[in-house]
Amino acid sequence: LMQQHPLLDPSLFLDLLGAFKQDGLKNRYQNKTEVLDYCRRSANPVGRLLLYLTGYSTESQLKASDALCTALQLINFLNDIQSDFVERERCYMPLEALEALGLSVETLCLEKPFNAVQAFIQTQLNEIESLVTEGSSLGAQCPGRFGFYSEMVIQSAYRMIHKLRLRKTIHQR
């Protein structure tokens with residue numbers, strides 16, 4: 001792939017490999033900085049690779065893609081809180097943010113969440129929505145099919161945020 005596209009940055013592949021390795025070693029994230037760093041290495045390289053492969057790689061396009069890819073990764077984390085914890089004993093929610101509300105990973109997974117859990121989820125969704133908005137110019141910045149595809153992803157992200165806001169417990173997917 002890199003021989004066909006010499007502009008591809010090898011660090012993107014190394015970031016992806018590092019994130020995959022981290023998944024096997026780390027199951028808790030102390031703060032938002034750690035979570036965002038994981039997203040920078042696990043999600044953002046995918047968007048950047050797509051941009052490079054389609055010929056769109058201005059600084060503005062890369063920045064919008066990073067915001068959108070991070071948002072999509074965070075949506076996935078919120079959607080999978082229950083299964084990540086039960087199946088892998090993993091949680092991507094920042095422990096500091098949970099503790100600030102008197103929560104723990106275990107309290108997130110209770111059948112009947114209390115107000116602090118809902119407040120935590122809504123705060124996370126507000127932050128994610130800001131990232132989607134930050135990345136929402138990507139569709140307009142990339143003409144043609146890729147721009148159309150990007151716009152569909154952006155609208156899907158907003159729709160997923162809306163559905164997560166309506167969810168009563170994290171047990172619903």
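Biologist: In this predicted model, how many residues does the largest nonpolar core have, and which of them have the most contacts inside it?
Modeller: In the predicted model, the residues with the most contacts inside the largest nonpolar core are Phe77, Leu78, Met93, Leu98, Ile128 and Val132. As a general background, nonpolar side chains in soluble globular proteins tend to be buried together. The number of residues in this core is 43.

Biologist: Which helix supplies the largest share of this core?
Modeller: Several helices each supply at least two residues of the core, among them helix 2 (32-42), helix 4 (59-79) and helix 8 (115-135). The largest share, which amounts to nine residues, comes from helix 4.

Biologist: How are the rings of Tyr29 and Tyr92 arranged as an aromatic pair?
Modeller: The two rings lie 5.4 Å centre to centre, with 25 degrees between the planes. Planes under 30 degrees apart count as stacked, and the pair of Tyr29 and Tyr92 is accordingly stacked.

Biologist: How many residues apart in sequence are the parts that this pair ties together?
Modeller: Tyr29 lies in the loop between helix 1 (10-25) and helix 2, whereas Tyr92 lies in the loop between helix 5 and helix 6. The pair therefore ties together parts whose separation in sequence is 63 residues.

Biologist: Is Tyr92 buried or exposed?
Modeller: The relative accessibility of Tyr92 is 5%, and the cut-off for a buried residue is under 20% relative accessible area. Tyr92 therefore counts as buried.

Methods:
Residues are numbered from 1 along each chain as its sequence is written. This is a predicted model: local features need pLDDT of at least 70, side-chain atom pairs count only at pLDDT 80 or more; totals for chains, interfaces and linings use all residues. Side-chain values use heavy atoms; hydrogens and water are left out. A nonpolar core is a set of buried Ala, Val, Leu, Ile, Met, Phe, Trp, Tyr and Cys residues joined through side-chain atoms within 4.5 Å. Buried means under 20% relative accessible area, exposed over 50%, partly exposed in between (1.4 Å probe, protein chains only). Helices (H or I, at least four residues) and strands (E, at least two) are DSSP runs, numbered from the N terminus. Rings of Phe, Tyr and Trp (its six-membered ring) pair if their centres lie within 6.5 Å; planes under 30 degrees apart count as stacked, over 60 as edge-to-face and the rest as tilted.
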